[in-house]
Amino acid sequence: MADPQPLLLNDSEPTQFQNARPTRIASLDVFRGLSVFLMIVVDYGGSIFPIIAHAPWNGIHLADLVMPFFLFIAGISLALVYKRRPQRTQATCKAFARAVKLFVLGVVLQGGYFHGITSLTFGVDIERIRWLGILQRISIGYIVAALIEIWLPPPRWKEINFVKNYYWQWFVVVILLALYSGLLYGLYVPDWQFDVSASSSSLPPIGGGDIYTVNCSVRGDLGPACNSAGMIDRYILGLGHLYRKPVYRNLRECNMSKGQVSDSSPSWCHAPFDPEGILSSITAAVSCIIGLQYGHVLAHLQDHKERLYNWMCFSLSLLALGLFLALTGIPINKALYTVSYMLLTSAASGLTFIALYYLVDVHGHRRLTAVLEWMGKHSLSIFVIVSSNLAVIAIQGFYWSKPENNIINWIVTRFDRT
């Protein structure tokens with residue numbers, strides 16, 4: 001059976017707010033499946049082919065498209081679920097319940113409970129659990145988009161203009177981007193210190209060990225050491241609850257070797273940093289709201305040409321604005337989820353969805369994408385299996401003579417370059 005709410009919503013899911021079951025949008029399932037497939041490819045192939053792994057800091061690689069794809073899809077699905085105006089209080093309760101379930105599942109999967117393919121142990125110290133991650137970010141984007149769809153005034157439809165008709169939602173987008181920019185560029189980041197173990201410099205403990213100092217005393221810095229996003233997470237979440245292997249360790253300055261940061265590297269190379277942190281979740285939520293606008297087109301227009309025309313206008317506008325901001329000095333950065341990154345990845349999401357819709361729903365080539373469509377219908381189950389490494393661990397359980405002599409360990413020792 002398909003997931004009842006595949007990452008994040010099932011666009012054909014009947015609710016008590018709908019009188020009839022809507023037609024399932026096959027291309028949306030295919031898009032979900034493609035996103036899950038890309039996640040698997042970059043997770044297991046990124047160490048072998050670094051060009052598809054996350055960019056160490058500024059820039060964009062294939063892996064940096066996966067999160068925006070999921071957020072975009074969640075937004076589209078919301079527009080279909082709430083196509084008919086729901087009873088607001090009840091819809092809000094259900095939206096919060098769904099978001100909490102997804103958030104908790106994310107904490108279990110990515111909070112440190114599972115120790116990866118190099119260890120068959122499990123369990124996590126509550127003082128070091130990671131609170132934020134992929135599913136948590138999707139849940140935040142989902143609930144923000146759901147609330148504005150449920151509570152903001154409905155469109156009057158005097159004309160077919162999705163910007164004017166949903167101007168209150170676009171106003172929220174402007175407010176969120178202004179809040180993000182004000183905090184990112186306006187907060188003062190003082191010098192800060194953290195403890196790090198001398199024996200395992202890339203895995204800082206809660207207490208004890210050597211004390212590293214990061215010299216900042218700046219405002220508006222967008223580097224890995226002194227950005228305000230990291231400072232907010234350190235103050236609110238605590239250093240022990242952040243991601244301990246940030247991708248910026250792959251920068252040349254950090255002298256990464258065999259999964260460890262050199263002791264001679266700058267102090268910030270040893271520090272934890274959460275790429276799904278609090279501040280960057282604001283612009284991530286905007287990605288979901290943009291997906292919601294594409295969903296409005298899907299929900300309210302029936303003609304293929306009109307849908308494609310509106311989506312193409314959206315996508316090209318986002319692409320042009322994102323490129324303009326990138327050229328004027330706003331870096332394309334996934335870890336900070338900068339505005340330029342958000343716009344460009346939203347444009348990429350839109351163009352990808354246009355291509356899939358044209359292929360699958362307009363021309364009906366579903367056999368070509370049958371596997372991806374199946375993966376899209378079971379996306380949450382696949383995500384759980386991949387994130388927890390359950391399939392890999394099952395294979396790892398078969399070995400020769402000693403547990404270390406298994407096919408997974410053989411692959412990791414020969415191809416993992418981290």
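**Exercise 1.** Which cysteine forms a disulfide with Cys 254, and how many Å apart are their sulfur atoms?

*Solution.* The structure is a predicted model.
Step 1. A pair of cysteine sulfur atoms counts as a disulfide when they lie within 2.5 Å.
Step 2. The sulfur atoms of Cys 254 and Cys 269 are 2.0 Å apart, and these two residues form a disulfide.
Step 3. Cys 254 is found in the loop between H7 and strand S5 (256–257), and Cys 269 in the loop between strand S6 (260–261) and helix H8 (280–300), so the bond ties together parts that are 15 residues apart in sequence.
Step 4. The torsion about the S-S bond of Cys 254 and Cys 269 is about -80 degrees, so this disulfide is left-handed.

**Exercise 2.** Describe the disulfide formed by Cys 216 and Cys 226.

*Solution.* 
Step 1. Between the sulfur atoms of Cys 216 and Cys 226 the distance is 2.1 Å.
Step 2. The pair, 10 residues apart, links distant parts of the chain: Cys 216 belongs to the loop between strand S3 (210–214) and strand S4 (218–219), and Cys 226 to the loop between S4 and helix H7 (228–236).
Step 3. With a torsion of about -85 degrees about the S-S bond, the disulfide of Cys 216 and Cys 226 is left-handed.

Definitions and conventions:
Residues are numbered from 1 along each chain as its sequence is written. This is a predicted model: local features need pLDDT of at least 70, side-chain atom pairs count only at pLDDT 80 or more; totals for chains, interfaces and linings use all residues. Side-chain values use heavy atoms; hydrogens and water are left out. Helices (H or I, at least four residues) and strands (E, at least two) are DSSP runs, numbered from the N terminus.
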